[in-house]
Amino acid sequence: MADGLLLGFSQLFTGVMTIVLTLVFMIRTNWIISIAVIVLTPLSFFVARFISSRTYDMFSKQSSTRGEETACVEEMSENLNIVQAFGYEQKASEIFCDINERLRYYAEKATFYSSLTNPSTRCVNSIVYAIVALLGVLFILDGNLTVGGLSILLNYANQYMKPFNDITSVITE
């Protein structure tokens, strides 16, 4: 927990500074494209929030099922003589298999959802990058932006969105 908090605070501070400084430079280069980036940025948070809520639910179910499985194993192993005396081995095995199958299902889903956060936010960021490129091309055609200015805006857009990936990864963890 301490490592997670330390990592979170250090990435949060660095991320906020990166976001603020790149925003200042982007606005100085082209304020309309900067506004588009600012408006589209919350999409990655919505995607990360959606995924993290599913991840939390699955990890919670995995944890409770693991506890149920541990209790079942302890109960059957501590009362082995009674289990054998009443011929309960087959039923105990079926109960364990059922719990184990549920645990496998929840663990698989939890791992799947938790591994989706980073690629999903990167996908959203790539869409934002493409929109910046498209808007930049339109501004170049109008004569309001140079190719070098578009290149700078694309670099700033990447730098601006990177902290959001880091922050969403920490939040999901």
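This is a predicted model: local features need pLDDT of at least 70, side-chain atom pairs count only at pLDDT 80 or more; totals for chains, interfaces and linings use all residues.
**View A. The salt bridge between K61 and D57 in helix α3.** The side chains of K61 and D57 meet in a salt bridge, with an N to O distance of 3.6 Å. Both residues belong to helix α3 (residues 42-78), where a spacing of 4 residues separates K61 and D57 by about one helical turn. A search of the whole structure finds 5 salt bridges.

**View B. The salt-bridge network of E68, D98 and R102.** These three residues are linked in a network of salt bridges. R102 pairs with E68, the closest N and O atoms being 2.7 Å apart; because R102 lies in helix α5 and E68 in helix α3, this pair ties together parts that are 34 residues apart in sequence. R102 also meets D98 in a salt bridge at 3.8 Å, N to O, and here both residues lie in helix α5, 4 residues apart, or about one turn of the helix. Relative accessible area is 27% for R102, 35% for E68 and 45% for D98, and each of these values counts as partly exposed.

View C. S120 lies in helix α5 (residues 89-142), and its side chain reaches the backbone oxygen of L116 at 2.8 Å. Leaving aside neighbours within four places in sequence, S120 is in contact with V47 and I51. T121 is also found in helix α5, and a polar atom of the T121 side chain lies 3.1 Å from the backbone oxygen of N118. S120 counts as buried at 18% relative accessibility, and T121 counts as buried at 1%.

**View D. The aromatic pair of Y105 and Y106.** A search of the whole structure finds 3 aromatic pairs. One of them joins Y105 and Y106 in an edge-to-face arrangement, with 5.6 Å from centre to centre and 65° between the planes. Y105 is partly exposed at 39% relative accessibility, whereas Y106 is buried, with a relative accessible area of 17%.

**View E. A nonpolar surface patch including I38.** I27, W31, I32, I35, I38 and V39 form a nonpolar patch on the surface, with about 560 Å² of accessible area together. Helix α2 (residues 31-40) contributes the largest share of the patch, 5 residues. I38 is found in helix α2 and is partly exposed, with a relative accessible area of 32%.

Technical notes
Residues are numbered from 1 along each chain as its sequence is written. Side-chain values use heavy atoms; hydrogens and water are left out. Patches are made of residues with over 30% relative accessible area and no salt bridge: like charges are joined within 9 Å, nonpolar side chains (Val, Leu, Ile, Met, Phe, Trp, Tyr) within 5 Å. Accessible areas come from the Shrake-Rupley method with a 1.4 Å probe; for residues, only the protein chains shown count as cover. A salt bridge is a side-chain nitrogen of Lys or Arg within 4 Å of a carboxyl oxygen of Asp or Glu. Helices (H or I, at least four residues) and strands (E, at least two) are DSSP runs, numbered from the N terminus. Buried means under 20% relative accessible area, exposed over 50%, partly exposed in between (1.4 Å probe, protein chains only). A polar contact is a pair of N or O atoms within 3.5 Å; within protein, one must be able to donate a hydrogen and the other to accept it, and residues adjacent in sequence count only if both atoms are side-chain atoms. Contact means heavy atoms within 4.5 Å. Rings of Phe, Tyr and Trp (its six-membered ring) pair if their centres lie within 6.5 Å; planes under 30 degrees apart count as stacked, over 60 as edge-to-face and the rest as tilted.
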